[in-house]
Amino acid sequence: MILCAPVKAKCYATLWSYGEICVGCGCCSSNPEIRRAARLAYWEWWLKDRLEFTCWASHPELLQIQKENIATEIKLAKRRIRYYQKKGG
């Protein structure tokens with residue numbers, strides 16, 4: 001038997017759950033320490049994913065938009081990682 005739980009109304013890790021099925025990552029945990037560690041792991045994963053991005057467009061205008069978006073996402077991930085690292089230490 002496989003049981004799937006729907007995501008919470010404000011799922012934090014939508015890139016993992018696709019907003020459909022709770023993956024049990026802990027990002028929405030009521031325990032603050034579990035929640036912090038899970039969110040830190042989430043942002044570390046996101047940063048690694050963005051740094052290793054290779055699906056670049058061949059069209060120059062789209063490539064420029066991608067580069068700007070990836071740079072923004074990297075900046076956001078680094079900021080969130082710093083936040084959750086400070087919060088835990």
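In which helix does lysine 86 lie? Lysine 86 belongs to helix 3, which covers residues 60-88. Welcome to a predicted model, in which local features need pLDDT of at least 70, side-chain atom pairs count only at pLDDT 80 or more, and totals for chains, interfaces and linings use all residues. Residues are numbered from 1 along each chain as its sequence is written, and side-chain values use heavy atoms, leaving out hydrogens and water.

View 1. Lysine 86 counts as exposed because its relative accessibility is 69%; exposed means over 50%, buried under 20%, and partly exposed in between (1.4 Å probe, protein chains only). Helices here are DSSP runs of H or I with at least four residues, numbered from the N terminus.

**View 2. Glutamate 33 meets arginine 36.** These two side chains form a salt bridge, with the closest N and O atoms 3.0 Å apart. A salt bridge is a side-chain nitrogen of Lys or Arg within 4 Å of a carboxyl oxygen of Asp or Glu, and a search of the whole structure finds 4 of them. Both glutamate 33 and arginine 36 sit in helix 2 (residues 32-51), 3 residues apart, or about one turn of the helix. Is arginine 36 buried or exposed? Arginine 36 is buried, with a relative accessible area of 14%, while glutamate 33 is partly exposed at 45%.

**View 3. Glutamate 52 meets lysine 48.** Look here for another salt bridge, in which the closest N and O atoms of glutamate 52 and lysine 48 are 3.1 Å apart. Glutamate 52 counts as partly exposed, at 47% relative accessibility. Lysine 48 is also partly exposed, at 49%.

**View 4. Glutamate 73 meets arginine 50.** The salt bridge between these side chains spans 2.9 Å from N to O. This pair links distant parts of the chain, since glutamate 73 is in helix 3 and arginine 50 in helix 2, 23 residues apart. With 12% relative accessibility, arginine 50 counts as buried, whereas glutamate 73 is partly exposed at 23%. Which residues are linked with Arg50 in a network of salt bridges? The network joins Arg50 with Asp49 and Glu73.

Definitions and conventions. Helix = DSSP H or I, 4+ residues; strand = E, 2+ residues; numbered from the N terminus.
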